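Please keep the sequence and the model in view while reading.

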Amino acid sequence: METKDKVKSIARLLKQSPRRAISGTKYLVKHGVVGLAERVYEESVRQEIVQATMTDTRPAGSQVGKLKFSVVMPVYNVDPRWLREAVESVVDQVYANWELCIADDCSTRQDTRDYLESLKGDGRIHVVFLQENGGISAATNAACSVATGDYLAFMDNDDVLSRDALLECNFQAAATNADVLYSDQDEIDVDGAHKNPLYKPDWSPDLLLSQMYVGHLLCVRRSLFEEVGGLRSEFDGSQDYDLMLRLAERTDRIDHIDQVLYSWRTIPSSTAADPTSKPYAQTAGLGAIQEHLDRVYGPGKARAEETGDYFVYDVRYQTGDRPLASIIIPTKDHVGDLRQAIDSIFAKTVNARYEIIVLNNNSEEPETFAYFKEIDCLENVRVIDASYEFNWSKLNNQGIREAKGDVIVCLNNDVEVISPDWLERLVEDATRDGIGVVGGLLLYPDGTIQHAGVVVGMSGWADHVYKGMAPVHHGSPFVSPMVRRNVTAVTGACMAFSRATYEKIGGFDEDFIVCGSDVELCIRARRNGLLNLYDPYVVLTHFESKSRDASFVPEVDLTLSANAYREYRESGDPFFNENLDVMETTPTVLLKREKKARFFRNSRMLGEVRPIRFRKGEGDQRRLNLLLPSINEEDVFGGIATALKFYERLLAELDCPARILVLDGEPRRFETAERYPDYEIVPPSATSAAPRQIISLVNRDHDTLEVTNGDVFVFTSWWSAFCIQNEYANWAPDELSPHPFVYLIQDYEPGFYAWSSQYLLADSTYRTTYPQIAVFNSKLLRDYFIEKGYTFASEYFFEPTLNAALKDRLMSLEGTTSKRKRILVYGRPGTPRNAFELVVESLREWVRTSQVSAEWEMVAAGESFEPVYLGNGRNLISLGKLTLDEYATVLAESALGLSLMVSPHPSYPPLEMAAFGAKVITNSYGNKDLSSFSDNITSLDALSPQAIARTLERLALSYEPVVPCGNVDPGYLSDAAPFGFVSQLAAQL
């Protein structure tokens, strides 16, 4: 949060409360503007937590579901005041299907026992009085023994649940079938004030071995709890830590709910207030980790050690016969930096075998060559010439090819080793099963943090969380920089990976020149099922300036980074937390008003179509060419996925060579090679005889595409059609003459634009004088084109079917699904045909006039945007572009849907929502009317905010917590091939 924003916050808060103005003035005199700003900011965070977690206006028990939650609570001599607040926070849950199981561990306080006796009249509360004091594990196990729920939710006897805690657990468990759930948490003091929120990352196994970060709220499937044997008394004080470690050995279905659902009471006797209050808990935690390591790796293979911070542990791993590490250092002159780096390696490194490979990238200075001669004679140092234009990826790949080691360490030439065991740690972590890329703690020369893990999406691209902060242990509002944890990426200034990882995922993408390929490599490791790791005990100084000019970034690096990072930039980094400000490297809670202030929409305009220039090739063998905007994984859904299926079916019929031509999204080389193993990636300027080719035409301004008289083109967008049609017009028919074009038409694309040049260009592609075969993705769309007078050589159509991954999830629901009071919007601000502005105005009208809108949440999928304020304190929240699995979860739990499409094409989202049992409002257009598809669809003819709001209110009032799903047109769920006409079409080619 910038200082100027904090000053504005001061003024706003003081204006609201004259009493605060007096106390605030005193604080200002003592601590200054910045100090007061920090105080005001902390109070704003507290207020938001209270508003978000404790002031739910829905009546207790008003939300129902099939899953039953047993809240288990051990009690011993607690002040009845705190016990009463804990119990009341359970009784006040908006979710109805719960029970509270209490075991009193032979309390000696009569007022505690009296209060527990008073609870027996509530049939949902079960109290067991133990005859002797057995400790917290025994008492908790006793409470669990009377539980009958599907899940156990663990709660201390003086803490507080948010009113929606069990409801959120129900939604998450029902949607993902998780075995273990955990949420974010905060602390609550004796006066009821909230403080120190902890916004946690998603499941991070290595972080769990550093500290019990899972904490509260912890919710576990009861059958799994019983399978692992419950809690163990020998670990009292860290009994939940021991439990979590044993659970992690049995399941990886561990989900994080990124909301504060639990408040940990800070009283003098609690570890929340004073970590030193229970010293035995520190020892118990160490023992729990060691037993876990012995079970997983075998005795003597790994050891847990205490650190200088309470409840923080350090795990070390045996590497057997000391693997060789190859340290790769690219350099051009700067001999002083290089000498310091290498001298520090020799002086500081202990307990590691290593070689150093220096890549000389066009050095020019005499002193550099003198130093090369000095070190090249050393037994474990090699200087290798790399006489080509600087390319960070290419340099490191050359070093890897030269390396002899089992572990590759990529290192900048401007670092200095600080911790003697830096290399030993990198090697032992990099060689562990399941670990991809490992990085360490890099400090600026002033001792502050330069790198402690990369958050992809931070600062708009990818940045280093904690940058500029002191390397000290702290626990709010995010995890400490001084604990080992899993991350999405680490910096290439110091990164290590094993030879086995390299062979699995490949090296650096040499299409990157200066920056971005280090993060892309880490993302690729994640896609291959590996976890990346940050180790704070690997410490180096990095002499890169904090104010380093980063203005020189080649355009290709930005383009490739945008493609590689897209998923994380749009949907968030799972090892960060969406409640924290991704534009701040210092972990900062993102206040709702700040989110609203940042709202913006990028008006996207399609630029002038860039031509595709042909060069005439030899021969006339038939070859199928599919033109696509992108083949990158995050883009292959909807229309692109359908186009690929159609292409594969047509190719099987034609049995000929084929090319995929990519126009807009630069393919990621390594991902493409993995996902399309039968295809060769060919530059457009090359002539290749490979039977299957992928050619990128993204940067085509100075390239030509080889075309022969045997080429058949399949268009999937108006601009792909325009480029090919237009270029054929530049050739005489006796030089190049096309086969009939195949035009896969999945929408009326002139309608994407207002009356404009682009409208006319798109329209012209349907009216070409060349023979053209149209393939429509529905009869409705085909009929619309015919009504508008378009003619084609032939016309075919197929009907949409549910995506296979979504269908699998739908079938797993077995005909019913639990619904939360959520409206799912398919709304993309940058896409006018989605009528986003009308959707927003309709929601605003509903919020203004509805009797029940306060009970509903409103979310949007399809494009990331800042929250849109709807009035009455409500916002439309963007979920961004979701994975298919995430989208299926949202579909399964959303009760209502709102998806408008100013188009004759029956867009997919309303069909998908209806299939998953949501009541959907959509619109008719031309001859399009989706109401016959499913009883769940309401298709409006006349659209206005008032009409949509009235329909929303009617559907909201008919809300049911459990509904049938799958009741749609049977053909939509059919397994039959949708392209039955392909043989006939192929005969025309």
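Predicted model: local features only at pLDDT ≥ 70, side-chain atom pairs only at ≥ 80, totals over all residues.

Two strands count as paired if DSSP finds at least two bridges between them. With that in mind, Val 180 stands opposite Val 220 in strand E8.

**Strand E6 and its partners**

- Strand E6 covers residues 180-188, and nine of its nine residues are buried, so that the strand is mostly covered.
- E6 runs antiparallel to strand E8 (residues 218-221), and three bridges join the two.
- With strand E9 (residues 254-265), E6 pairs in the parallel sense over nine bridges.
- Val 180, which faces Val 220 in E8, also stands opposite Ile 254 in E9.
- Strand E7 (residues 194-198) pairs with E6 in the antiparallel sense, over three bridges.
- In that pairing, Ile 188 stands opposite His 194 of E7.
- E6 and E7 form a hairpin in which five residues lie between the strands.
- Gly 192, in the turn of this hairpin, has a positive phi of about 85 degrees.

**Helix H12 and its buried face**

- Helix H12 spans residues 366-376, and its buried residues are Thr 368, Tyr 371, Phe 372 and Ile 375.
- Viewed down the axis of H12, these buried residues fall within an arc of 105 degrees, so they line one face of the helix.
- Pro 366 and Lys 373 are exposed and lie on the face of H12 that is turned away from its buried side.
- The buried residues of H12 pack against strand E12 (324-331), helix H11 (335-348), strand E13 (353-360) and strand E14 (381-385).

**An open sheet of seven strands**

- Seven strands form an open sheet with mixed pairing, in the order E37-E38-E36-E35-E39-E40-E41.
- Its edge strands are E37 (868-871) and E41 (937-940), each of which pairs on one side only.
- From one strand to the next, the twist averages 25 degrees.
- Within the sheet, strand E36 (residues 857-861) and strand E38 (residues 874-880) pair in the parallel sense over four bridges.
- Ala 860 has Ser 878 in E38 as its bridge partner.
- Helix H25 (residues 836-849) packs on the sheet and touches strand E35 (820-826), E36, E37, E38 and strand E39 (894-898).
- The direction of H25 makes about 35 degrees with that of E37.

Note on methods. Residues numbered from 1 in each chain as written. Heavy atoms only, no water. Buried < 20%, exposed > 50% of the residue type's maximum accessible area, 1.4 Å probe, protein only. Arc of directions from axis to C-beta. Contact = heavy atoms within 4.5 Å. Axes fitted to C-alpha atoms, helices over the stretch in contact; angles between N-to-C directions.
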